[in-house]
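Hi there,

Here is the structure I promised to pass on to you. Have a look at it first, and then read my notes below.

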Amino acid sequence: MSFVWTIAEQYEGRLRGVSFELLSRGRALADELGTKLASVVIGDGVPDDALQELIQRGADEVYSIQDPRLADFVSESYSRILSGLIRTYQPSIILAAATSSGRTLMPSVAIAVHAGLTADCTELSIEEGTGNLLQTRPAIGGNIMATIKTPDHRPQMATVRPKSSRPLPRDDHRTGRIIAVPVEDDMIDTRVVVRGYRRDDAEFENIEEADVIVAGGKGMKRGENFAMLRTMADSLDGVVGASRDAVDRGWIAYPHQVGLSGKTVSPRLYIAAGISGSIQHLAGIKTAETIVSVNTDPDAAIHKVADFGIVGDLFEVLPELQKRLDAKAKETH
Amino acid sequence: MNIVVPIKQVPETSNVKMDPEKGTMIRAGVESVINPLDLYAIESALRLREEHGGVVTAITMGPPPAATALRQAIAMGCDEGILVSDRKFGGADTWATSYTLAEAIRKLGAETGSERGAVDLVIAGERATDGDTAQVGPGIAAWLDLPLATYVAHITDVADGTMTVERLVEEGYQILSIPFPALITVVKESAAPRLPTLSGKKRSISQEIPVFSTENMDLDAASLGLKGSPTKVVKIATPKVTRGGELVTAGTEDEVVSAVDRLMAFLEEKDLV
Ligand SMILES: Cc1cc2nc3c(=O)[nH]c(=O)nc-3n(C[C@H](O)[C@H](O)[C@H](O)COP(=O)(O)OP(=O)(O)OC[C@H]3O[C@@H](n4cnc5c(N)ncnc54)[C@H](O)[C@@H]3O)c2cc1C
Ligand SMILES: Nc1ncnc2c1ncn2[C@@H]1O[C@H](COP(=O)(O)O)[C@@H](O)[C@H]1O
């Protein structure tokens, strides 16, 4: 059976949204190949209704591997478990998320099972005639799109950029099978020990999976002015991003940095205020759906990639925009 | 501590300009540099050596000119450079690259009569700015069966054969204890790279760079280069960079108001507000 698999991700027993994005990708491929779609959950304490949700959103089968020792992502253990499942069931395609854990786990698995792996794909399709998976991904800072296939090895594996697809709606009538896979001691690698998490930056937020990002650059002039972006992000249910210049000046912490040496993001809306649009910054926003730029310089590179650009002073434009957002929020209350 | 830093030579991107008409990169006169994200790995290694002693070896797989990257690493303070180079390595994907580099690191660690001894730590960059895969570091760890920590932002403690690191992940910083020998990949936050020194530059010119090839390595021929790579590139396309969006000027107060009016209408139409 030439299964398509997706790797679901969990944190503290809750499935992460990207697990459902992968299912919509996987469903399309499985339908085209006329095969089944399975989702693999490795973790601890993921409740039954969450496993059911994987089925309601596209999976035919769910492999559930749960154990307290798997609560936190540890590459070695996860890799042993997934490699073992692959040897047993021999799926033909595996999609994982291009997240910190997906991008760590899958290269290890690729070595263990001698499979090809394509990183950070934004498009997936099936090649006519051969049935091979065609994997398209941005490279060289998003300046080229490369299409890659793995003709002679199985499974064909890819990590998929978060937010590059939408989950399927929940269908309560879908049914499927949940298969609990027992955990053997020798699957657990005890060398790496997770001590905990630190989030002392009260503003810590994961910009890679945000729908809306309000980002500022050197044009923001001072760190305090980022409060303006924070307010706007809150109104839009989004997060704050920044250029490297703003981060290096200490105006905001590194986890907010967008670009080549920061994060690659794919929000539905990216607002760039006081950012010039250097090639390194643009590398991080090539797959943003809509870009809005606010910059005093009519020739700024950011305006060229924007869907809507305002040549103007951000200290006048942003407060005006905030006023409208506030008015709109009142309207709907 | 015996530390190996795999570095990659890549085209310099900070001066790259895009051709706005064709949407392609203007590559003429583009220099090669050490992958900028590998500089953080080099810096992290040098700091560990300063604190705990040992040897830092930079290693790169690439054509002979990649030796320049090793000399730059030596100029920054690395003790040695190893060039992994052979025509048979050409066209390797991340699977074949990580296999070849892992074997080179194995060979380094097994060399007797050198002061290096076994490898304690491999520090790779987060990803290379050209291929952009972030797969080679974890791949090397898999081949060598080394415990792995990716996206390391801070090395907070090194004691008793174990290091404590903080990985930058979606939920914050994940704190890990990881025993030596190990492989980590680091992000920009880990360390601000130093500049090459004059004495380092001098040393780098005269330093001998050993070459590892199929001649002096024990390799599985079927796992090398293009032939040994499971993935094949089918097609390269250049997306258009210019989105050709609307550009409005907001110089005067009135213009600001009307520009924001239009922006709101635009966002509403796209169902973004
Ligand atoms: C190896 C390497 C990696 C890098 N990685 C990254 C990365 O990950 N992310 C990143 O962002 N950069 C990165 N950079 C840096 C990049 O080259 C630029 O230096 C940086 O992006 C510039 O940030 P900026 O746009 O905030 O500043 P600037 O380029 O100085 O732009 C500031 C802009 O603000 C505008 N402005 C000023 N005042 C106002 C106002 N009142 N209202 C509106 N607009 C105003 C100006 O017109 C200007 O366009 C990297 C560089 C290198 C070499
Ligand atoms: N050819 C190479 N030689 C040495 N190190 C490499 C090579 N390719 C990749 N690396 C290392 O692996 C990291 C990730 O690269 P990549 O998987 O290509 O994004 C880089 O930052 C380097 O540390």
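A:Ile126 stands opposite A:Leu133 in β9(A). This is a predicted model, where local features need pLDDT of at least 70 and side-chain atom pairs count only at pLDDT 80 or more, while totals for chains, interfaces and linings use all residues; side-chain values use heavy atoms, without hydrogens and water. Residues are numbered from 1 along each chain as its sequence is written, and chains are lettered from A and ligands numbered from 1 in the order in which they are written.

β8(A) and β9 (residues 133-139) of chain A pair in the antiparallel sense over 4 bridges (strands are DSSP runs of E, at least two residues, and helices runs of H or I, at least four, numbered from the N terminus; two strands pair if DSSP finds at least two bridges between them).

Both belong to an open, antiparallel sheet of 4 strands, ordered β8(A)-β9(A)-β10(A)-β14(B). At its edges stand β8 (123-126) of chain A and β14 (232-237) of chain B, each with a single partner strand, so one side of each has no neighbour in the sheet. Helix α1 (residues 18-33) of chain A packs on this sheet and touches β8 and β9 of chain A (contact means heavy atoms within 4.5 Å).

How do the helices α3(A) and α4(A) meet? Among the residues in contact, A:Ser75, A:Tyr78 and A:Leu82 are on the α3(A) side, and A:Leu105 and A:Val109 are on the α4(A) side.

Enjoy exploring!

Notes. Axes are lines fitted to C-alpha atoms, for helices over the stretch in contact, and angles run from 0 to 180 degrees between N-to-C directions.
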